[in-house]
Structures are given as structure tokens and as C-alpha cells.
Amino acid sequence: MPLAYVSTRGEAPALGFADAMLAGLARDGGLYVPEAWPRLSEETIAGFAGRPYAEVAEAVVAPYVGDAIAPEKLREMIREAYASFRHPAVAPLVQTAPNRFILELFHGPTIAFKDVAMQLLARLMDHALAERGQRTTIIGATSGDTGGAAIEAFRGRARADVFILMPHGKVSDVQRRQMTTAPDDNVHAIAVDGSFDDCQALVKAAFNHHAFRDRMSLGGVNSINWARVLAQAVYYFTAAVALGAPRRAVDFVVPTGNFGDVFAGYVAKKMGLPIGRLVVATNVNDILARTLETGRYEVRGVTPTTSPSMDIQVSSNFERLLFDASGRDAAAVRRAMASLGQSGAFALDEATLAAIRADFDAGRADEEEVAETIGRTYRETGYLLDPHTAVGCAVAGKAGLDPATPTVVLATAHPAKFPDAVEAASGIRPELPAHLSEIMTAPERINQLPNDLGELEAFVEKRARIARDAAA
Ligand SMILES: Cc1ncc(COP(=O)(O)O)c(C=O)c1O
Ligand SMILES: N[C@@H](CCOP(=O)(O)O)C(=O)O
């Protein structure tokens with residue numbers, strides 16, 4: 001029997017892999033998760049040692065895809081996706097101290113970890129749409145990196161029109177230019193007057209407006225899309241196996257905002273990978289660190305930081321964890337989400353909090369610690385951290401992890417995406433890789449919209465119709 005995907009809120013129909021991927025958000029507002037976690041045997045995991053990244057990806061992804069895609073087609077798409085990376089290992093490990101490693105996830109086209117999943121997702125969606133003879137209108141929210149990766153992965157694709165919402169003035173120049181300089185007619189960058197949370201709320205509201213959703217065949221590429229999270233689980237396997245798994249456990253420290261990346265680590269653990277601790281590392285926008293400490297998830301205002309992609313308060317994927325950790329209690333998730341909508345907060349019950357704490361730790365790093373970590377790491381090792389990765393390193397240093405267990409900090413972006421912050425902290429101005437140098441002088445195309453669902457929908461509908469008429 002192929003694996004089915006169920007909504008965290010329990011009131012949407014269960015779907016197969018391709019339908020869940022094309023749906024993005026479930027129709028009841030929940031997020032799709034597999035009905036069970038496929039397990040990989042110790043022998044299978046041990047066999048990943050020394051294998052190319054694409055082969056490991058195939059082994060991890062295939063049980064979730066089932067018969068939705070022919071195995072040889074899946075293999076071809078995975079190979080193509082990772083051929084676009086500039087490092088042969090795709091996600092190499094760098095050692096910075098005894099038992100301390102950095103997992104570089106920024107060797108894809110837009111030099112952020114989002115490429116790892118987005119390069120595959122674009123191919124998977126294109127394939128599913130072609131098989132059905134359909135098109136999709138993708139609406140995505142970005143705090144800086146998802147948008148660039150999505151635009152790069154979907155630009156020029158005939159079956160998708162892509163609309164990316166970013167918080168106006170709150171992403172770095174490089175991040176903005178990655179979204180605004182693509183000349184393709186099927187991609188649209190929109191600056192919204194508000195925060196990332198406002199952008200994400202608009203996206204979810206558009207999905208929950210079913211008449212609009214159906215009329216436009218909406219699709220999502222944020223980590224609300226299960227396939228995004230799945231593709232991100234792969235590098236936990238390659239990194240852990242390179243450090244001795246499954247013979248020994250490995251700890252991971254993950255710079256966190258929307259909770260997709262660290263949830264992918266949880267998925268890897270559920271599949272049988274011996275991960276010790278999963279450490280959620282936040283900047284001063286520390287809702288997740290506070291939640292793990294107090295059991296209360298409480299939204300506060302967002303403070304702009306030098307790690308803007310993590311300036312997030314409403315972390316979408318926490319809902320997936322809540323569902324799993326509560327024993328898959330969809331009614332409890334619905335109550336929590338209703339409370340979040342009404343009062344901006346909800347409380348975890350004791351059992352759920354204990355279940356979460358069994359796998360996760362959390363810590364936060366303030367701006368001073370981030371700058372200090374970038375400067376010190378550069379002076380001591382010659383390694384230049386981006387500010388998001390520096391949040392991870394700063395938290396790793398004080399998380400109380402066992403020094404005998406290898407610790408991997410995920411490096412989620414290349415420092416050249418944030419040259420001002422990195423230069424201020426280290427005295428070194430990182431240069432953009434050559435393949436991106438043109439974006440700093442290319443003409444920009446950007447649209448500005450208020451934080452208003454009606455205006456957004458009217459804009460999307462008008463632009464998508466123009467693109468569809470031109471393509472017809
Ligand atoms: C550079 C960078 N680091 C970390 C994160 C946080 O990842 P997640 O939202 O999956 O928690 C993001 C945004 O997603 C990011 O762009
Ligand atoms: N940090 C992200 C925010 C969106 O996260 P996603 O993983 O849900 O797409 C960004 O850089 O856009």
C-alpha cells in the first residue's frame with residue numbers, strides 16, 4: 001500500500017505523495033505528514049557510507065514517493081537536481097575543532113540551504129503537473145532565501161507562475177536582487193509592507209480562501225510543502241554516516257526560523273538515524289527557545305537582526321512536531337492553532353512538552369554573540385561564518401552537548417549573502433561567487449503591495465492570467 005499523507009488538523013482528506021505535494025497546505029489549514037514514518041535498517045544506513053549524495057537521496061526519498069513516480073524517473077530528477085551544485089559532495093562537512101563540524105549547505109545555485117530541496121521540488125512538481133496536463137500558481141513567503149531559491153528553480157518553467165512575497169526592506173541586498181533580477185515572465189517578486197510573518201499569513205489566507213485557491217490552482221513551495229522537508233532530511237543522513245553513524249550517535253545544531261530544517265532532522269531520526277540531540281538555535285526572535293523552556297508558545301513582535309531569514313515568530317512546521325509529539329492528536333492541534341489565532345499563544349500539555357524535550361534542546365544567541373562568534377571563528381580558524389550559521393555556532397558553544405559526541409552545525413547560507421554584517425564582525429568582506437556577480441548590477445523588477453489579501457489576490461490573478469494567455 002502506498003504511503004498516505006494526513007493533515008495535522010485531521011479534517012482534510014488523506015492524499016497520496018503527488019497530490020499532497022501539489023496541494024501544499026491541506027484544505028483544513030493543516031500541514032501534510034506521512035501517516036507513518038518509514039524506517040531504514042541499520043544495514044541500509046551503514047551502506048550510505050561513501051555513496052554519492054544523489055544515491056542517498058534516492059534511498060531516503062523513495063519510500064515516501066512509493067509508486068507515485070517511476071523509480072528511474074525519480075532517479076533522473078534527483079541526479080539532475082544535485083548536478084546543479086558546485087561541490088561534488090553537494091553538502092560537504094568541514095571540521096572546525098575536535099568533534100565539531102560545519103555542514104555546508106550553500107553550494108547550490110542561490111548559495112543557501114533552500115536550494116537542496118527546491119532544486120528537487122521544482123522537478124518533482126513539473127513532472128507531476130506534466131503527467132496531469134496542469135499548471136499551478138505558486139504563492140510563497142520568504143524572509144530572504146526561500147524566494148531566491150524558488151525563483152531560480154522555477155524560472156522559465158512552463159507549468160508554474162511563481163509569486164514570492166518578501167517583507168519590504170527587511171532582506172539583504174543580495175537576497176532581494178536574487179529575487180528581482182530574474183528576467184523570466186513566470187516569476188514575480190512582491191515586497192509587502194510588513195514582516196515575514198505577515199507574508200506567511202497572507203500565503204496561508206490565500207490557500208484557505210478555497211474559491212481563489214481552486215480558481216488559480218494554488219501551489220506552495222514553502223516548507224508547508226511536505227516534499228521540501230523530505231528533501232532536507234537527506235543531508236542529516238550523509239553527514240551522520242560520514243561521522244560514524246549508525247555505529248554512533250551525532251548531535252545537530254540547526255539555525256531555526258520556520259522549523260522546517262530542524263524538523264527534517266526529526267524525520268531522519270524517526271527513520272532510524274541515530275541522532276542524539278537536535279538543538280534549535282534561534283536569534284533574538286526566540287519563540288521556539290522560549291517554548292521549549294516554558295511550554296508556552298507565545299508570539300511577540302519581530303526584532304530585525306543580522307540573520308534576517310530567521311526573523312520569524314510563527315514557525316509553521318512546529319505544527320508538524322506538535323501533531324507527532326502529542327500522539328498525532330489532530331483535535332489538540334486544532335485547539336492550539338485556534339488559540340494562536342485568537343490570542344497569539346497556546347500552552348503545551350506536559351506529555352507533549354516532555355516528548356519534544358526528549359529529542360530537542362534550544363538556545364538563543366543575541367546580536368553581540370553572533371558578531372563575536374563570526375569574528376572569533378575567523379581569527380581562530382580562518383573560517384568565515386554567515387550570521388545564521390553563527391547563531392548555530394554560538395548556541396552550540398553553550399548547549400551543554402557531550403564533547404565525546406560529534407556535533408554538526410548546519411551552515412545554512414554563504415557569508416557573501418550578508419556581506420555588511422560579516423564585514424562588520426570580522427573585517428573581511430566576503431565576495432559573491434562568480435556565477436552571481438551579475439545580479440548586483442542587473443535591472444530589478446519588483447512590485448510593492450500592502451498587507452492586504454484582496455489586493456494580493458487581485459494582483460496574482462491579473463498577472464497569472466496574462467502569463468497563461470501568453471502561454472496558450
Ligand atoms: C540562511 C537561513 N538559515 C536558517 C533558516 C531557518 O530555517 P527554517 O526556517 O527551516 O527553520 C533560514 C530560513 O528558512 C535561512 O534562510
Ligand atoms: N527563512 C525562510 C522563511 C521561509 O521558510 P520556509 O522554509 O518555510 O520556506 C526564507 O529564507 O525565506
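Visitor: How many bridges join strand β9 to strand β10, and do they run parallel or antiparallel?

Guide: Two strands pair if DSSP finds at least two bridges between them, and a strand is a DSSP run of E, at least two residues long, numbered from the N terminus. Here five bridges join β9 (residues 250-255) to β10 (residues 275-282), and the two run parallel. One example is Val250, whose bridge partner in β10 is Ile275. Mind that this is a predicted model, where local features need pLDDT of at least 70 and side-chain atom pairs count only at pLDDT 80 or more, while totals for chains, interfaces and linings use all residues. Residues are numbered from 1 along each chain as its sequence is written, and chains are lettered from A and ligands numbered from 1 in the order in which they are written.

Visitor: In what order do the strands of the open sheet come?

Guide: Six strands run β3-β4-β14-β9-β10-β13, with mixed pairing. Because β3 (93-97) and β13 (360-364) are at the edges with a single partner strand each, one side of each has no neighbour in the sheet.

Visitor: Which residues are closest to ligand 2?

Guide: A residue counts as near a molecule if its C-beta atom, placed from the backbone, lies within 6 Å of it. For ligand 2 that gives 13 residues, the closest being Thr142, Asp145, Thr146, Asn222 and Ser223. Helix α6 (residues 145-154) supplies the largest share, three residues; a helix is a DSSP run of H or I, at least four residues.

Visitor: And how many residues surround ligand 1?

Guide: 18, with Asp145, Asn258, Gly260, Ser309 and Thr412 closest. Helix α11 (residues 260-270) gives the most to that shell, three residues.
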